[in-house]
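Here is a short walk through one structure. Keep the sequence and the 3D view side by side as you read.

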Amino acid sequence: MNSATVQDPRAGRAVTLVLACLGVFVAYLPVTTVSVSLPAIQRALGATTAQLSWVPDAFVLPMAALILTTGVWGDVHGRKRVFQAGMAFCALGAAIALTADSVQVVWAGQALSGLGAAALLPTTLALISHAVPDHRERGRFIGLWATSLLASLAVGPLIAGVLLDHVAWRWIYLLPIPVSLTVLVVAAFLLPDSRAPHGRRLDWPGQITAAVAVTAVVYGVIEGGADGFGEPAVVAALVLGALGAVAFVLVERRSTSPMLDLALFRSPAFTATALVAMISFLGLIGFFFVLSLYFGLVQHLSTLEAGLRMVLVSGTSLLVGIPVGRLMHRVSARVLITTGLVLTATALLTLTSLDAHTSYGSLAWRLVLLGLGLGAVFAPMTASAVSSVPHHLAGMAAAGNNAFRQVGGALGPAVLGALLTTRALDALPGHLADAGLPAETGSLVLGTARDQGLGAVAGLDLGAATGPALGALGDSFLDGLRLCLVVSASLVLLAALACAVLLRPAKPVGRPSPTAADSATSAPAPTPARRLATASAGGVAAPDAVTERTQ
């Protein structure tokens, strides 16, 4: 391509921002709409706790496994095409889940929606990075992108709550269909396209080993929580996941066009944000999973009542994200993220005092504190990941940060669900005995909980023993919930420590010169040595390193 055909990357950036924000809104909408609907889905489809864990994981797992590949595909074949494909898969997945009559069909719809989200997340960030070359101005745009993500998490519980109070659970999947199709059509006419420097190509060995590692680990954790971690299939899955991770590292080290350039980890800032992204989403998505079960199984709230409580977390994060985006140029990302993580851990620890009779007011301030902490983390975390590496690696850094985020999101329900189930089942016999239930009734309750999941106990008709049995179930669940909260808080504090030690401010960069885009068309792709040297410095490449081109 000659320089005469190269457009100003800032052309059409308003359209790019709007469509990118709508794209990430659609991508994340299933996260909280489905989370608060899990008790209703379980009752309607008769799903076990392990099967229920796969409902959110069927969505998050394709995101984690394929997000790096879709980022590379956009770099090579054009981000506009990948963006449109992502919107189409989101619409198709929602349509399948909308018509589901079994939990397996819900998994299929969730998986297709997750594939669409995998295409949208790195592509939307890369489109914004291309449209806004100046790194300081780009931080504000990425803040708006992160705000859209949080807005999706905020309105999801309310949408699900209103719908489930009036219609069947399946209608939570309706909204993404018209929104996706509308954005798809508008993007065809108005969205500017862009690609990364020539020299990029798909890394199939890296993709295969990454997908095997992520899928095997998540499968092993979910099934281990349900059947025990000593089961041969679970052990085999975890071993396969570990081997897949080792193979991925070896493959990427030898690849001439790696899907995830390991030189990125020479930047302490990128390493810190990757760790924070994985841990924060492990806690967030896992917390939404167990909290929705707490509202349903322990407090016996309707979906709308549960949604109004959960929106306190994401709604506060959304409101906090706006001023935090403005503060990013005045306060260092290390201070913002570390402070946010400490607040998040504090909120999680205060939630350990929850019981079956915790009032709305007593719960509200804890959830608001949690949202405050998370809101201080998301925008600077993403912006730091992108700005801490050379500009020509910004798209890969964005995809890598998203990948770690989704790995954490996939592991969240799996890890916390396994901890919750294991601890609750261990505690249940003691609570049943304390409730004074006959041994025969206690055995029936315990057997039902182990074979069909904790939620199945609520459907038992035990006559006069029903109330005490549900009380014992609630107390057992709270034991598991408290363990999940302590583990989550410990991980968040570990991430805060890593952030405080590793995160360093990126070197400032001026606005690219007017001729930067023209020189980019004939510039060779950066060599591995140049990538490694620049990333090791933890800074951002000079303006002449900007090598993106447009269609």
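Is D479 buried or exposed? D479 counts as buried, at 18% relative accessibility. The cut-off for buried is under 20% relative accessible area. One point before going on: this is a predicted model.

D479 has a charged partner. It forms a salt bridge with R482, and the closest N and O atoms are 3.5 Å apart. The cut-off here is a side-chain nitrogen within 4 Å of a carboxyl oxygen, so this pair qualifies. The count by this rule comes to 1 salt bridge. Where do R482 and D479 lie? Both are in helix 15, residues 466-502. They are 3 residues apart, about one turn of the helix. R482 is partly exposed, with a relative accessible area of 28%, whereas D479 is buried at 18%.

Now turn to the aromatic rings. A pair of such rings is described by the distance of the centres and the angle of the planes. A search of the whole structure finds 3 aromatic pairs. Take F265 and F270, one of them. Their ring centres are 5.3 Å apart and their planes stand at 75°, so the pair is edge-to-face. Planes over 60 degrees apart count as edge-to-face.

Which parts of the chain does the pair tie together? F265 lies in the loop between helix 8 (232-254) and helix 9 (268-298). F404 lies in helix 13, residues 394-434. The pair therefore ties together parts that are 139 residues apart in sequence. F404 counts as partly exposed, at 22% relative accessibility. Ring pairs link F265, F270 and F404 into a cluster.

Last, look at two helices. Helix 1 (residues 13-45) packs with helix 6 (residues 176-190) at an angle of about 155°, and their axes are 10 Å apart. Angles over 145 degrees count as roughly antiparallel, so helix 1 is roughly antiparallel to helix 6. The crossing of helix 1 past helix 6 is left-handed. Which residues make the contact? From helix 1 come V15, L19, L22, V26 and L29. From helix 6 come P176, V179, S180, V183, V186, A187 and L190.

How values were computed
Residues are numbered from 1 along each chain as its sequence is written. This is a predicted model: local features need pLDDT of at least 70, side-chain atom pairs count only at pLDDT 80 or more; totals for chains, interfaces and linings use all residues. Side-chain values use heavy atoms; hydrogens and water are left out. Rings of Phe, Tyr and Trp (its six-membered ring) pair if their centres lie within 6.5 Å; planes under 30 degrees apart count as stacked, over 60 as edge-to-face and the rest as tilted. Helices (H or I, at least four residues) and strands (E, at least two) are DSSP runs, numbered from the N terminus. Buried means under 20% relative accessible area, exposed over 50%, partly exposed in between (1.4 Å probe, protein chains only). Axes are lines fitted to C-alpha atoms, for helices over the stretch in contact, and angles run from 0 to 180 degrees between N-to-C directions. Angles under 35 degrees count as roughly parallel, over 145 as roughly antiparallel, 65 to 115 as roughly perpendicular and the rest as oblique. A crossing is left-handed if the near helix is turned anticlockwise from the far one by less than a right angle, and right-handed if clockwise. Contact means heavy atoms within 4.5 Å.
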